[in-house]
Amino acid sequence: MIYFNHLSEYIPSIDIWSIGCIFAEVLTGKPLFSGKSVVHQLDLITDLHGTPSADIISGVRNEKARKYLTDMKKKSPVPFTKKFQKADLLALRLLQRLWLIRTSKDWPRLRGEIDTTLGDYFAERKIWC
């Protein structure tokens, strides 16, 4: 989880981002970020999500990863509608919420948004948890 490597404390965002990865794999039926090395993994993540902001990069503790991301050619994110063409809008909305990069101060506010989005997604499919 290179995006969360900079956090000095555990926050649920780390697990939520991972759930987003698993959900994306369910949507596509195949592994999403199956990198063969750390660099390859970073390339796969940034190919989809775009280059992280300078704020995120500055917080990456691993010096080599931070330098690689800093020197990386700027990449734009791929629209989820293009990457996950068979997914419906509720699934894409859920995925977008799960993959938000959060800090500990953002978490309480964004947790409610995720809860609402999960409720919408499962209620529409009449799946009750």
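**Entry 1. Thr51 and Lys75**

I began at Thr51, where a polar atom of the side chain lies 2.6 Å from the backbone nitrogen of Lys75. I count a polar contact as a pair of N or O atoms within 3.5 Å; within protein, one must be able to donate a hydrogen and the other to accept it, and residues adjacent in sequence count only if both atoms are side-chain atoms. The model is predicted, so local features need pLDDT of at least 70 and side-chain atom pairs pLDDT 80 or more, while totals for chains, interfaces and linings use all residues. Residues are numbered from 1 along each chain as its sequence is written, and side-chain values use heavy atoms, with hydrogens and water left out.

I placed Thr51 in the loop between H2 and helix H3 (54-58). Helices are DSSP runs of H or I with at least four residues, strands are runs of E with at least two, and both are numbered from the N terminus. Is Thr51 buried or exposed? Thr51 counts as buried because its relative accessibility is 17%. The cut-offs are under 20% relative accessible area for buried, over 50% for exposed and partly exposed in between, with a 1.4 Å probe and protein chains only.

I then listed the contacts of Thr51 (heavy atoms within 4.5 Å). Leaving aside neighbours within four places in sequence, they include Ile57, Leu69, Met72 and Lys75.

**Entry 2. Salt bridges**

I looked for side-chain nitrogens of Lys or Arg within 4 Å of a carboxyl oxygen of Asp or Glu, which is the rule for a salt bridge. The count comes to 3.

Lys75 turned up again: its side chain meets that of Asp47 at 2.7 Å, N to O. Lys75 lies in the loop between H4 and H5 and Asp47 in helix H2, so this pair ties together parts 28 residues apart in sequence. The side chains of Asp43 and Lys75 also form a salt bridge, at 3.8 Å, N to O. I noted Asp43, Asp47 and Lys75 as one network of salt bridges. Asp43 is partly exposed at 22% relative accessible area, and Asp47 is partly exposed at 41%.

The remaining entry is Lys67 with Asp71, at 2.5 Å, N to O. Both lie in helix H4, 4 residues apart, about one turn of the helix. Lys67 is exposed, with a relative accessible area of 52%.

**Entry 3. Nonpolar cores**

I took a nonpolar core as a set of buried Ala, Val, Leu, Ile, Met, Phe, Trp, Tyr and Cys residues joined through side-chain atoms within 4.5 Å. How many residues has the largest nonpolar core? It has 19, and those with the most contacts inside it include Leu32, Phe80, Phe84 and Trp99. Helix H1 (13-28), helix H2 (38-49) and helix H6 (89-98) each give two or more residues to this core. A second, separate core of 6 residues includes Leu42, Ile57, Val60 and Leu69.

I checked Phe84 and, leaving aside neighbours within four places in sequence, found contacts with residues including Ala24, Leu48, Leu95 and Trp99.

In H6, the buried residues include Leu90, Leu94 and Leu98. At the start of H6, a side-chain oxygen of Asp88 reaches to within 3.1 Å of the backbone nitrogen of Leu90.

**Entry 4. Whole chain**

I counted 7 helices and 0 strands. Buried residues make up 37% of the 129 residues.
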